[in-house]
Amino acid sequence: MNLYNIKHPEEQVNFAQAVRQGLGKDQGLFFPEIIPQLGNIDELLAMPLVERSQKILSAIIGEEIPADTLNAMVKNAFTFPAPLAKVNDDIYALELFHGPTLAFKDFGGRFMAQALASVRGDGKITILTATSGDTGAAVAHAFYGLENINVVILYPKGKISPLQEKLFCTLGCNIRTVAIEADFDACQALVKQAFDDAELREAIGLNSANSINISRLLAQICYYFEAVAQLPKEKRDNVVVSVPSGNFGNLTAGLIAKTLGLPIKRFIASTNANDTVPRYLRSGEWSPNPTVATLSNAMDVSRPNNWPRVEELFKRNGWNLADLGSDALNDEETEQALKAQYAEGYLCEPHGAIAYQVLKDQLQAGETGIFLCTAHPAKFKESVERILDIELPLPEALDKHNKLPLLSDVMANDFAMLRAYLLAK
């Protein structure tokens, strides 16, 4: 598999290098030089999740990873289902929260851990990543206890839900967490600064585990196929998928699935008040505002890292960006959407509620809608209980971590301090 740096196409790497390196020169994102057209899609859709995913990822990655190794990577990563739940006659929910940390990031995080373990070589590795909520837990649990791999996760202090924080800030061992006194975009900027520091990168074997890393992105392609596979065959012709969008890795994966041949008519990018992309699609002007805190905190991103990959896909495929649906909901509208879902008999949380409402607003006659449910409602227990006036029991995966003390360090938004912290550890 050959990949190129979108900012500097002359920089080309194979899959193993892209997984180890994370980012290219000048913080450029790696992107596959070739995205193959898959053969008989119906045949693929008839397969179980793991077997189908093995074939999809093998077709993309090629012979660089031996077939037996890749098959084992997928089997070890995808140990939980992604069921499609019917909300009404026209709208379905793809539930991506049945993994160990109850969020969609489990798919990408666990596959990346498997990929890195298989291509790492003998050098030391430090995973440095920023999270706006769910990435941290997925990465922490995927890499927890792996030998000679240290993980440092930055997150915005006070801007993720208490249960999200407990899920990844209570592990210890090779997992260290740092609450940065700033917003998510500042955390992400610190990670980028670290990758720009060649001396630091070399000294600690720096790598990133968010959706910047191509291995995580490739894993996410697989559940779009799983969604369509669970639809009745007569509903597969005009599928519209609404993606709750923050850093835009999830949407990128869906667009790659479409490029591979998955029959998805169109996508909708659904955001909260951090609406850089919906405004850009309307005006043609890229003008990020300061990030604001919302109920859907995992989408509190004003400068989405993966947007260049989205534009690259549209350009390469000859698609028109005007065909990408989008809209943004504020917190009041999010609460109303959550109530509307609950009234239909479906319990969700703020991120999925936004994707549902924007889908409902934009779905046309004859289309079948799927929205992505990216986290378990209990991960947002306080807000869901308040909005719906219900009591939510904690799943065991959350309850056991909720009882443990936080192990996080607190740090100012200061790269020099972070650099010293990373070198000292």
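Which residues of helix H16 (residues 381-388) are buried? Let's keep that one in mind while we look at the whole chain, bearing in mind that this is a predicted model.

Start with the overall shape. The C-alpha trace of the protein chain spans about 60 × 50 × 45 Å along its principal axes. A compact globule of 425 residues would have a radius of gyration near 22 Å, and the 20 Å of the protein chain agrees with that. The secondary structure comes to 18 helices and 14 strands. Of the 425 residues, 62% are buried. If you take contacts between residues at least 6 apart in sequence, 74% of them join residues at least 24 apart.

Now for the surface and the charges. The protein chain exposes about 15900 Å², and carbon and sulfur atoms supply 47% of that area. There are 39 positive and 51 negative charges, and their mean positions are 2 Å apart.

Next, step inside. The largest nonpolar core has 128 residues, and those touching the most other members are Ile 127, Phe 143, Leu 154, Ile 221, Tyr 224 and Phe 225. Helix H10 (residues 214-230) gives the most to this core, with 12 residues. Apart from this core lies another, of 30 residues, which includes Leu 329, Tyr 346, Tyr 356 and Val 358.

Setting aside residues up to four places away in sequence, Ile 127 touches Met 112, Leu 116, Val 139, Phe 143, Ile 149, Asn 150, Val 151, Val 152, Asn 207 and Ala 209. One of these, Val 151, lies in strand E7 (residues 149-156). Val 151 counts as buried because its relative accessibility is 0%, where the cut-off for buried is under 20%. Leaving aside neighbours within four places in sequence, the contacts of Val 151 are Ile 127, Val 139, Phe 143, Asn 174, Ile 175 and Arg 176.

The buried residues of H16 are Ser 383, Val 384, Glu 385, Ile 387 and Leu 388. An α-helix has 3.6 residues a turn, so residues three or four places apart point the same way. What do the buried residues of H16 pack against? Their partners are helix H14 (331-343) and helix H15 (350-362). After H16 comes Asp 389, with a positive phi near 55°.

Key: Residues numbered from 1 in each chain as written. Predicted model: local features only at pLDDT ≥ 70, side-chain atom pairs only at ≥ 80, totals over all residues. Heavy atoms only, no water. Core = buried A, V, L, I, M, F, W, Y, C linked by side-chain atoms within 4.5 Å. Buried < 20%, exposed > 50% of the residue type's maximum accessible area, 1.4 Å probe, protein only. Helix = DSSP H or I, 4+ residues; strand = E, 2+ residues; numbered from the N terminus. Contact = heavy atoms within 4.5 Å. Rg over C-alpha atoms; globule rule 2.2 N^0.38 Å. Areas by Shrake-Rupley, 256 points an atom, 1.4 Å probe, with all protein chains shown as cover. Lys, Arg positive; Asp, Glu negative; His and termini not counted. Charge placed at Lys NZ, Arg CZ, Asp CG, Glu CD.
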